[in-house]
Amino acid sequence: MTLLDVRGLTVRTDDGRILVDDLSFTVAGGERLGLIGESGSGKSLTTLAVLGLLPDGMTSSGSVELAGTQMVGAAERSLTGVRGRDAAVVFQEPLTALDPLMRLGRQIAEPLARRTGLTGKHLRGAVHQALEQVRLPEPDRIARAFAHEVSGGQRQRVALAMALACEPRLLIADEPTTALDVSVQAEMLELIDGLVREREMAVLFVSHDLAVVSRVTDRVLVMKDGRAVEQGVVHDIVRAPRETYTRALVASARKLESALDLRSAP
Amino acid sequence: MTPVLELKDAAVRYRGTAADVVADVSLAVEAGESLALVGESGAGKTTLLRLLLGLARPTAGAVRFDGAGLNPRDREQMRRFRRSVQCVFQDPYSSLDPSRRVGAIVAEPLRSLGLDSRSTAAPKVAAALERVGLQADAVDRYPHEFSGGQRQRIAIARATVCDPRVLLADEPVSALDVTTRVKVVDLLAELKQERGLTLVMVSHDLSVVASLCERTAVLERGRVVEQGATSQVLGEPGHPYTRRLIESVPRLPV
């Protein structure tokens, strides 16, 4: 069953520049798709368009159907129910995604209360559980803390817990590990992989890093200058890229990686 | 041979805090042997770089330049130091003055070190820009007209225009896309080869470190847990922290 159906999506600025150009892809329930591309390729704008969150001065055309709701041109009021319930998002920079003035527990409690109707002690218990799920140590301490009082990796776990609190059918992750250290990144990828598997959730994973994408997704769509260059199974694309741009992308990644292998040779 | 730059049992403690952010750090930068400082956020990499740049002073231990203690009050020594040791920062968007033309930005070290006048600086600026692969007409343009990779090239041109011996680089490629990253790594390798530049690089990207540096020091919570030849440290890591770092690097499927 198709959960997200994007057809001919085009994003334009008010002065007529085309930032995403005639993009089409689908994500079925439980499926994982990676959007990969370099800065300016339009991958993040695509995720914003999917959620109907494009900034002022940009408009989308074409069709984006998310769980049966047409997101393009829909009234803001009809979208609030879709966001969170059908799709929730984790952004790159957890410090800007979290409210600096609200304790982390309350930020998770809000979507939880909305979905479950829990209050008081039961709600606190659900928050505790949500924090435990993303494997945060001392969930009660973290629930009382403010965003600046915990580490970057912990903040991103809180952001993930917030997104999962709504039990969305599609998790959109926009460079969720780019701001993290490499060992924290590895833990976070493993966590996303596991949690999504348990819930049979679909994932749209945006990244500039092929190796990171290949850890989480099965299929990948390569973007350049707002267009889809190539799409297919991650392993096929990494092993045998067809398009010139994808070949350059894979070659660059391989070249850096090979430096590590040379040094590691006994 | 006397190391160009050396930290001897250096420690830094920020005012009002109970613990040292870096402690007991001894490192030597020998000419021609590029050194990488590797570790995660908060490990003290940038603090060490600030020591090596003379921007911070150790609360214990010493920073030595050409064998002599670095003294920010010694103007003659600082002048030699600034000429020999230049730096490139992580973010090419905040490290270039947006209101000045590229020509003036790149000429800055020559002018502030009193090496050149406006007219004698021009050919050196042109040569520096050419070395980093930018067109000669870049001098009349502003930083915002360039992409991230090109800006980092401008920053490298500025840092190398006065022919320093050592280039300190703080995560010089981590803000760049992977294809651009490869090109800037190639450029740094070329500058090492052709101009005998010694790099001291702070990075959390082990593949970049392996591409550029002969020696590696691994930092964990302000202490050096392992240092030596890069092939040794990354190839046969002795410390569990180093092993964990290496295992965490995401790899492409084979």
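## Helix packing in chain B

B:V102, B:I105, B:V106, B:E108 and B:P109 of helix α3(B) meet B:I154, B:A157 and B:R158 of helix α5(B). Sorted by class, this contact holds 6 nonpolar, no polar and 2 charged residues. Helix α3 of chain B covers residues 102-112, and helix α5 of chain B covers residues 148-160. Their axes come within 6 Å and cross at roughly 35 degrees. The model is predicted.

One residue of this contact turns up again in the core. B:V106 belongs to the helix pair. B:V106 is also among the residues that touch the most other members of the largest nonpolar core.

## The nonpolar core

The largest nonpolar core has 152 residues. A:V50, A:I108, A:A161 and B:V106 touch the most other members. Helix α8 of chain A, residues 152-165, gives the most to this core, with 8 residues. In soluble globular proteins, nonpolar side chains tend to be buried together.

What does A:A161 touch, leaving aside residues up to four places away in sequence? The partners are A:I108, A:A130, A:L131, A:Q133 and A:V134.

## An enclosed helix in chain A

Is helix α1 of chain A largely enclosed or left open? Of its 8 residues, 43-50, 6 are buried, so the helix is largely enclosed by the rest of the structure. The buried ones are A:K43, A:L45, A:T46, A:T47, A:A49 and A:V50. After α1(A) comes A:G52, with a positive phi near 65 degrees.

## The four-stranded sheet of chain B

Chain B has an open sheet of 4 strands in the order β2-β1-β4-β5, with antiparallel pairing. Strands β2 (22-29) and β5 (68-69) of chain B stand at the edges. Each has a single partner strand, so one side of each is left without a neighbour in the sheet.

Strand β1(B), residues 5-12, runs antiparallel to strand β4(B), residues 60-65, and 5 bridges join them. In one of these pairings, B:L5 has B:F65 in β4(B) as its bridge partner. Helix α1 of chain B, residues 45-52, packs on the sheet and touches β1, β2 and β4 of chain B. The direction of this helix makes about 125 degrees with that of β1(B).

## The six-stranded sheet of chain B

Another open sheet in chain B has 6 strands, ordered β6-β7-β8-β3-β9-β10, and its pairing is mixed. Which strands stand at the edges? They are β6 (85-88) and β10 (223-229) of chain B. Each pairs with a single strand, so one side of each has no neighbour in the sheet. The twist averages 15 degrees from one strand to the next.

Within this sheet, strand β3(B), residues 35-38, pairs with strand β9(B), residues 215-220, in the parallel sense over 4 bridges. B:A36 has B:T216 in β9(B) as its bridge partner.

## The interface

How many residues does each chain bring to the contact? Chain A gives 32 residues and chain B gives 26 residues. On the side of chain A that touches chain B, helices α9 (182-199), α10 (210-216), α11 (234-239) and α12 (244-264) of chain A each supply at least two residues. The largest share, 12 residues, comes from α12(A). By class, this side of chain A has 15 nonpolar, 9 polar and 8 charged residues.

## Each chain as a whole

Chain A contains 12 helices and 10 strands. Its C-alpha trace spans about 60 × 55 × 35 Å along the principal axes. The radius of gyration of chain A is 19 Å; a compact globule of 266 residues would have a value near 18 Å, which agrees. Of these 266 residues, 45% count as buried. Among contacts in chain A between residues at least 6 apart in sequence, 63% join residues at least 24 apart.

Chain B contains 9 helices and 10 strands. Its C-alpha trace spans about 55 × 55 × 40 Å along the principal axes. The radius of gyration of chain B is 18 Å, in agreement with the value near 18 Å for a compact globule of 254 residues. Of these 254 residues, 46% count as buried. For contacts in chain B with a separation of 6 or more, residues 24 or more positions apart account for 65%.

Methods. Residues numbered from 1 in each chain as written. Chains lettered and ligands numbered in written order. Predicted model: local features only at pLDDT ≥ 70, side-chain atom pairs only at ≥ 80, totals over all residues. Axes fitted to C-alpha atoms, helices over the stretch in contact; angles between N-to-C directions. Contact = placed C-beta atoms within 7 Å. Nonpolar A, V, L, I, M, F, W, Y, C, P; charged D, E, K, R; others polar. Rg over C-alpha atoms; globule rule 2.2 N^0.38 Å. Buried ≥ 20, exposed ≤ 12 C-beta atoms within 10 Å, placed from the backbone. Core = buried A, V, L, I, M, F, W, Y, C linked by C-beta atoms within 7 Å. Pairing = 2+ DSSP bridges.
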